[in-house]
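Please read this short report alongside the sequence and the 3D view. It is written for someone new to the structure.

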Amino acid sequence: MPRTSSRDRMNNEINAGSMADIAFLLLIFFLVTTTIDVDKGVLVKLPPWSNEPPPELKLNERNVFSVLVNSENQLLVRNEPTDIDDLRERCKEFIMNPEGLKTLAKSPKQAIVSLKNDRGTEYKTYLLVYNELKAAYNELREEAAQSRYGKSFEYLTKDQQRAIRTDIPLVLSEAEPSDFGDE
Amino acid sequence: MSKFQKKRGKSSPAISTASLPDIIFMLLFFFMVVTVLRDSTLKVSVNVPNATELTKLEKKSLVNYLYIGKPLQNYQDVYGTKPTLQLGDKISKIADIPLFLEQHKNTVPEAQRPGINSSLRVDGEVTMGIVSDVKTELRKSNQLKVNYSAKPKVD
């Protein structure tokens, strides 16, 4: 190592006063451009497209939970007008069928939720209905997780989660929207 | 008064500001990490509805955004007031979706392509007609993972 001259060693301190200014400048730039809002949403898996009409399925009517939303944003659940606040409870009762009624689903595995809306339905209502149906399933899975493993669903292992998911599968079929209302 | 004058004699030296840049840098790095650069300027007004069953979109680079809403005031002369679709930076037709998806797909490495999500940011007031058309087009282009963007509901 060559010896540095004593002069160099004397002034080897860079003036760091302006560093803060530069850092501030960058900081303000990032403050302005930043968008803190995290992207969250309701995750949906769409069915693949096929040009052929879907095959006619013979479904037992008791296993179908039909939800219709008209262009006035009103709900018709299993041929009864229903308020959106009751939808979650009705859906849960339908899937689990705790009293073994003949009119509700035979078992959670056979339950099918069918959702149909109009082209004039507001998106807000559609998402709310979808959200309630998904919430019903999520709550049932949570209850199953608690009773079976005594833990919350999100803390279960992958296999345990899969087991519950196969027992309570989310089968939500969306029909092509009707075209009665004004868009 | 005399109390103040007494102290003046033995005043301590100025506080060292040498660590100030470090603190600022720390803040800077924090914002650099959490920041997401605005990817596109919105030409339609989008006010997403509230929901409770939310999933977070993890990888930003694997997400493409489709906006649906009424054109903003200053674009209404050109595009009218009916809800329209915006892809990237420009207002588009539904038939442009396959090209848009393909362009986004090309920016993603091949191994990660199955994880591509479409985030639908739709205004709450929009009717389902245009949303259904977009969904049908997404299905036709085999983009089946869709996330309906929503705000967490505050009770």
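Predicted model: local features only at pLDDT ≥ 70, side-chain atom pairs only at ≥ 80, totals over all residues.

Residues are numbered from 1 along each chain as its sequence is written, chains are lettered from A and ligands numbered from 1 in the order in which they are written, and side-chain values use heavy atoms, with hydrogens and water left out.

## The two chains

Chain A holds five helices and six strands. Helices (H or I, at least four residues) and strands (E, at least two) are DSSP runs, numbered from the N terminus. Read from the N terminus, chain A goes α-α-β-β-β-β-α-β-α-α-β. Chain B has five helices and nine strands. Its order from the N terminus is α-α-β-β-β-β-α-β-β-α-β-α-β-β.

The table sets out the chain totals. Buried means under 20% relative accessible area, exposed over 50%, and partly exposed in between (1.4 Å probe, protein chains only). Accessible areas come from the Shrake-Rupley method with a 1.4 Å probe; for residues, only the protein chains shown count as cover.

| Chain | Residues | Buried | Accessible surface | Carbon and sulfur share of surface |
|---|---|---|---|---|
| Chain A | 183 residues | 38% | about 12000 Å² | 53% |
| Chain B | 155 residues | 40% | about 9700 Å² | 56% |

Contact means heavy atoms within 4.5 Å. Take the contacts in chain A with a separation of 6 or more: 64% of them join residues 24 or more positions apart. In chain B, the corresponding share is 74%.

## Where the chains meet

The size of an interface is often given as the accessible area lost when the parts come together. Here the buried area (the accessible area, with a 1.4 Å probe, that two parts lose on being put together, summed over both) is about 4700 Å². Carbon and sulfur atoms give 62% of that area. On the chain A side, A:Asp39, A:Leu46 and A:Tyr123 supply 18% of the area that chain A buries against chain B, more than any other three residues.

## The largest pocket

A pocket is defined on a 1 Å grid over the protein atoms alone, as an open set of points where a 1.4 Å probe fits, with protein on both sides within 12 Å along at least five of seven lines; lining residues have an atom within 4 Å of a point. Grid points are joined across faces, edges and corners, and a volume is the space filled by probe spheres set on the points. The largest pocket has a volume of about 1700 Å³. It is lined by 49 residues, and those closest to its centre are A:Leu46, A:Pro47, A:Leu172, A:Ser173 and A:Glu174. Both chains give elements to the lining: β1 (40-45), β5 (112-117), α4 (123-149) and β6 (172-174) of chain A, and β3 (55-56), α5 (128-140) and β8 (145-149) of chain B, each supply two or more residues. The largest share, five residues, comes from α5(B).

## Single residues

A:Asn117 sits in strand β5 of chain A. It counts as buried because its relative accessibility is 3%. Leaving out residues up to four places away in sequence, A:Asn117 touches A:Val69, A:Tyr126, A:Pro177, A:Ser178 and B:Met128.

A:Cys91 lies in helix α3 (residues 87-96) of chain A. Its relative accessibility is 0%, so A:Cys91 counts as buried. With the residues up to four places away in sequence set aside, A:Cys91 touches A:Phe65, A:Val113, A:Leu133 and A:Ala136.

Which loop holds B:Ser141? B:Ser141 is in the one between α5 and β8 of chain B. At 23% relative accessibility, B:Ser141 is therefore partly exposed. B:Ser141 touches B:Pro98 and B:Leu101, not counting residues up to four places away in sequence.

B:Asn142 is also in the loop between α5 and β8 of chain B. Most residues other than glycine have a negative phi. B:Asn142 has a positive phi, near 60°. B:Asn142 counts as exposed because its relative accessibility is 56%. A:Asn73 has a positive phi too, of about 65°.
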